[in-house]
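Open the model in your viewer and keep the sequence panel beside it. The tour goes from one selection to the next and says what is found at each stop.

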Amino acid sequence: MKSTLLYSNPLLTNLTLLIILLIISLNGIAQITITNNDMPSPGDTIRKSVSVITPGLDYISSGADYTWDFSALQPITQTVDTFVTVNSVPFLYQLVFIPNVVANLAQKFTGLEAFPQIPVTDPYQFYRKTTSNYNDVGYAVTVSGIPVPIRLNPADVVYKLPLVFNNKDSSNASGQLGVPGLGFISIQRKRVNHVDGWGTLTTPYGTFNVLRLKSAVTETDSIFIDSIGFGQQIQRNYIEYKWLTNGKKQPLMQVTEEGPLVQVNYIDNIFDPGVGIPEIGIPKIAVTVSPNPVDDYAMIAFELEQAARMRLSVVNMDGKEIMQIFHGDLPAGQHFHLLDITRKQFPRGLYLLRLETNGNQSTQKFIVQ
């Protein structure tokens, strides 16, 4: 009987409801934790859009219970990250990355398709995922039929798991490879990680609870080519800003800042690359611009099925032509043209590469940083 009177007391009932609502509210804004279950696995494919940070979008500020709004981002191009098992990559790569479980995950590189004149095939990046670390353990490509695997030992600790707010860690990674008759490559990298924020992130893909990780990276890449007796050392300093959430396997958004260059990509759905400028006739000709975003020079690549008179130009987002790259006759086959934005003072922003041939028109977006 006492039990019945206790639970019928209005004050206690209201207090109980208040506590329940408070718990629900706190859970709604609670910090999340990123574990190895939130890292990619073989078979995962993640679609990402590449965009540009426009003035007014603050990607640097961070803190506790912070709100980042990047809903205004506009997709320019898209990529798809594909993850596979290490025993599915070329056999000679396996000899480097499988023994003693050096790697248990591989990612197929994309982006080299625009340069078929470069004899590089089968590019992969390798990772080792454990409950305590997500490590970058090296790379491999095949150059003119010769496998070139570079193992990082010690590895680059991309994430020290589990990730929680205010975690700090650092790692020093290095790798080198010498191939007789080909050359020598070495990588020295220092990474300093800081989980400097948590809160909500909004992108065109949606709104999510996130942790924000800032990684400051200092890297020295050295290369020597035997055949021409040439060597060069490249010093790089860049910062990666990553927003991570549970279950998405890759950062919801990443901004990479290297000097004046700022690149952004975010997980996204498939989008229509049309921009409202009429395109006449079919079939379209596939045009690629690489690298994209562009800082000074980029390579334009396309293929003609038959000889044609063509015109290649750059237009702004208002449809106004601001630069002609080529105008003349071309034979059938693969063609490459250099885009030199140093010839004119291009303001930073979004542009279209327009190719017109035989009454047809194709376009490709690109970013000037």
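Select N166 to begin: is this residue buried, partly exposed or exposed? The model is a predicted one, and in it N166 has a relative accessible area of 47%. Buried means under 20% and exposed means over 50%, with partly exposed in between, so N166 is partly exposed. The residue sits in the loop between β7 and β8.

Select N292 and P293; the peptide bond from N292 to P293 is cis, with omega near 15°. P293 lies in the loop between β14 and β15 (297-304).

Now select D65, in the loop that joins β1 (45-51) to β2 (66-69). Phi of D65 is positive, near 50°, and D65 is not a glycine. The relative accessibility of D65 is 47%, so the residue counts as partly exposed.

**The whole chain**

Zoom out and colour by secondary structure. How many helices and strands does the protein have? There are three helices and 20 strands. The protein has 369 residues, and 43% of them count as buried. Show the surface next: the accessible area is about 19,000 Å², and carbon and sulfur atoms hold 56% of it. Among contacts with a separation of 6 or more, 60% are between residues 24 or more positions apart.

Select residues 308-316, which are strand β16, and residues 349-357, which are strand β19. These two strands pair in the antiparallel sense over seven bridges. Within the pair, V314 stands opposite L353 in β19. In general, the strands of a sheet pair through backbone hydrogen bonds, either parallel or antiparallel.

**A buried aspartate**

Go to D268, in the loop between β13 (261-267) and β14 (287-290). The relative accessible area of D268 is 11%; because buried means under 20%, D268 counts as buried. Which residues are in contact with D268, leaving aside its neighbours within four places in sequence? They are R47, K48, S49, P75, Q78 and Y205. Select G206 as well: G206 and D268 are 62 residues apart along the chain, and their C-alpha atoms are separated by 8.9 Å.

**A nonpolar patch**

For the last stop, select F91, L92 and L95 with the surface shown. Together they form a nonpolar patch on the surface with about 320 Å² of accessible area. L95 is in helix α3 (residues 91-97). With a relative accessibility of 48%, L95 counts as partly exposed.

Notes:
Residues are numbered from 1 along each chain as its sequence is written. This is a predicted model: local features need pLDDT of at least 70, side-chain atom pairs count only at pLDDT 80 or more; totals for chains, interfaces and linings use all residues. Side-chain values use heavy atoms; hydrogens and water are left out. Two strands pair if DSSP finds at least two bridges between them. Helices (H or I, at least four residues) and strands (E, at least two) are DSSP runs, numbered from the N terminus. Patches are made of residues with over 30% relative accessible area and no salt bridge: like charges are joined within 9 Å, nonpolar side chains (Val, Leu, Ile, Met, Phe, Trp, Tyr) within 5 Å. Accessible areas come from the Shrake-Rupley method with a 1.4 Å probe; for residues, only the protein chains shown count as cover. A salt bridge is a side-chain nitrogen of Lys or Arg within 4 Å of a carboxyl oxygen of Asp or Glu. Buried means under 20% relative accessible area, exposed over 50%, partly exposed in between (1.4 Å probe, protein chains only). Contact means heavy atoms within 4.5 Å.
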